[in-house]
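Open the model in your viewer and keep a selection panel at hand.

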Amino acid sequence: MAQTPRELAPHTSAKHYFGAQLRTWRERRLWSQARLGEHLHVSADLIAKVEKALRWPSAEFAAACDSVLATGGALAEFLPLVDLERCQERATVAATARAVRAAVSQPRHSITLTTPTFAALPDETVSDAPTGWESALPGAQLTAPPPAWPVDRLLTLPRGRAVPATTLTLSSIPSQDRRDISGFTGALAGGHAAASGLRALLAADLLDGDTPVLAVATTPTLGMVAPAYRLDAFTIGILWAMCGMDDALLVDDAALADRIPQLRHYAQLPGSAVSRDIAAELNTLSQMWLGSDFCARYISLRLDATTGRPVFWTREQYGEEASTWLLFRHKIAYLRTTSERFTTPTAPATRVFCIPETAVQSSPHAERVLLLLSAAFMESLRVAVYVNPDPTYASVEGFVLTPHSQVILATWVRADGLWHVDALDRRSSLRRYDDVARGGQAGSIAAGSRPEHRLQTFADYLGLDWSWLRRRSAELAAVGVEGLIRPRSRLLTTDGINAACRYLASLP
């Protein structure tokens, strides 16, 4: 009795896809592995191992298969992707060694972290009232600089799930009147801080009413240290996300420039699930950026022929994840493009989040502000945001549903690898994801028909004071976020944050 052929997984990698394609072409000729081996002068065992992705195909092997199977060069066409994976596999050990050397060379800290520094304690409750900036982002702290550094203070921001810890230098501005320091035009301090690559900020002690506050700004040429830039849950969250992501992406800038065009070849595949090993030399945040960039391109490509209005399902549950919508240039461009194409002022698009209460309770105040700002940015682009708290939806992959047409799976948030993408058009898949989309919207905490109602309900769910959010948004919208902080990485922008602040300030 003939043995049932082993089921292949072509979307796992380019190596697996090559093997599956080899089997497809072989079976079209009605050839056994042994017969193909005879034509190629290799063993049937070698054919079997290549098909099962247990052996790497060579360029000579691919060319010979194309010749005897008359594929028209279909196998050799995918060989560059296979070779890329092969090179990355060989480099994994070296990359691991480099990572270990880099880790042991880092300065030692007084606390060894096994979880994100800012994670809330299990019994911590969410407060409705804004708190001080230190408690808004646990782990953030002001410390004295080393004696030789000509700066006044160091502001340390904690690491997150992917965002690395970062340190900024603060140079105090002398002022005769704490209420008005707009005339100061002094330069930022340099010395050891600048040489070390630390970002330098100006700082001033101001009064918010009768309350002393600490305000910061990036350079006096872009703006004064305004009261709008006072450190609180709003601004400390922006600084934390921007500076951490900026540092991580700058470190990997050259490697990303090399890797991006190589990985985009995966768009030729109908679906793929790519391991993190293929970008093992990159830090976690840079890997997140790669997955996000590829998923945006994959979705855009497959929406080209779509005429109906799609429904979007997103996996972000925390402010760190959601802030990518505010900061990543490609995500902002993707969001604006899809909004222009699929929405009108009276017919918004739909995007569903699943954010369980456990995710809210474990998020500090500053991170919850980032989550709300991300939703506000989407609403500003005519994307109605629905938030479902049911944890049973938390494992649903990110997807885009075009009714009666296709389901586009695209997951990079909390994915096992860099990404997993696929396109499904079976009726059973369409029905299943349509049920998920309908259920997600029906169970939303914010099902109002007007954006301000949805956002206010979302703020209440996050434990954020709506009046305070509106007031702080208006203050920052008036002066712009660039005076507070600017990205150095070409991959980041403040456009999303500015748009979110302007939108929240404009709501009735």
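Begin by selecting Asp247 and Arg488, whose side chains meet in a salt bridge with 2.8 Å from N to O; bear in mind throughout that this is a predicted model. Asp247 belongs to helix 9, whereas Arg488 sits in the loop between helix 19 and helix 20, so the pair ties together parts that are 241 residues apart in sequence. With a relative accessibility of 22%, Asp247 counts as partly exposed, and Arg488 is likewise partly exposed, with a relative accessible area of 39%.

Asp246 is buried, with a relative accessible area of 0%, whereas Arg488 is partly exposed at 39%.

Next, select Glu281 and Arg259, which form a salt bridge whose closest N and O atoms are 2.5 Å apart. Glu281 lies in the loop between strand 6 (272–274) and helix 11, and Arg259 lies in helix 10 (residues 253–263), so the pair ties together parts that are 22 residues apart in sequence. Glu281 counts as partly exposed, at 27% relative accessibility, while Arg259 is buried, with a relative accessible area of 8%. In total the structure holds 19 salt bridges.

Stay with helix 19 (residues 466–479) and select Ala478, which has its place there. Is Ala478 buried or exposed? Ala478 has a relative accessible area of 67% and is therefore exposed.

Now turn to the strands, starting with strand 1 (residues 141–143), which pairs with strand 2 in the antiparallel sense over 3 bridges. To see one of these contacts, select Gln141, whose bridge partner in strand 2 is Thr156. Strand 2 (residues 153–157) also pairs with strand 3 in the antiparallel sense, over 5 bridges. Two places to look are Leu155, with Leu168 of strand 3 as its bridge partner, and Leu157, with Thr166 of strand 3 as its partner.

Move across strand 3 and select strand 4 (residues 199–208): in which sense do strand 3 and strand 4 pair? They pair in the parallel sense, over 5 bridges, and Thr169 stands opposite Ala200 in strand 4. Of the 7 residues of strand 3 (residues 166–172), 5 are buried, so this strand is largely enclosed by the rest of the structure.

For the next stop, select helix 14 (residues 329–342) and check its length from end to end. At 1.5 Å a residue, the 14 residues of helix 14 should span 20 Å, and the C-alpha atoms at its ends are 20 Å apart, which agrees. Within helix 14, the buried residues are His330, Lys331, Ile332, Tyr334, Leu335, Thr338, Ser339 and Phe342.

The last stop is inside the protein, where a cavity calculation gives 3 cavities of 30 Å³ or more. The largest cavity has a volume of about 210 Å³. To find it, select Ile299, Thr314, Arg351, Ala410 and Trp412, which lie nearest its centre among the 20 residues that line it. Two or more lining residues come from each of helix 11 (284–302), strand 7 (311–314), helix 14, strand 10 (399–402) and strand 11 (406–411). Which helix gives the most to the lining of the largest cavity? It is helix 11, with 4 residues. Colouring the lining of the largest cavity by class shows 12 nonpolar, 4 polar and 4 charged residues.

Note on methods: Residues numbered from 1 in each chain as written. Predicted model: local features only at pLDDT ≥ 70, side-chain atom pairs only at ≥ 80, totals over all residues. Heavy atoms only, no water. Buried < 20%, exposed > 50% of the residue type's maximum accessible area, 1.4 Å probe, protein only. Pairing = 2+ DSSP bridges. Expected span 1.5 Å × (residues − 1). 1 Å grid on protein atoms, 1.4 Å probe; cavity = no way out; pocket = protein on both sides within 12 Å on 5 of 7 lines; lining within 4 Å. Points joined across faces, edges and corners; volume = space filled by probe spheres on them. Nonpolar A, V, L, I, M, F, W, Y, C, P; charged D, E, K, R; others polar. Salt bridge = Lys/Arg side-chain N within 4 Å of Asp/Glu carboxyl O.
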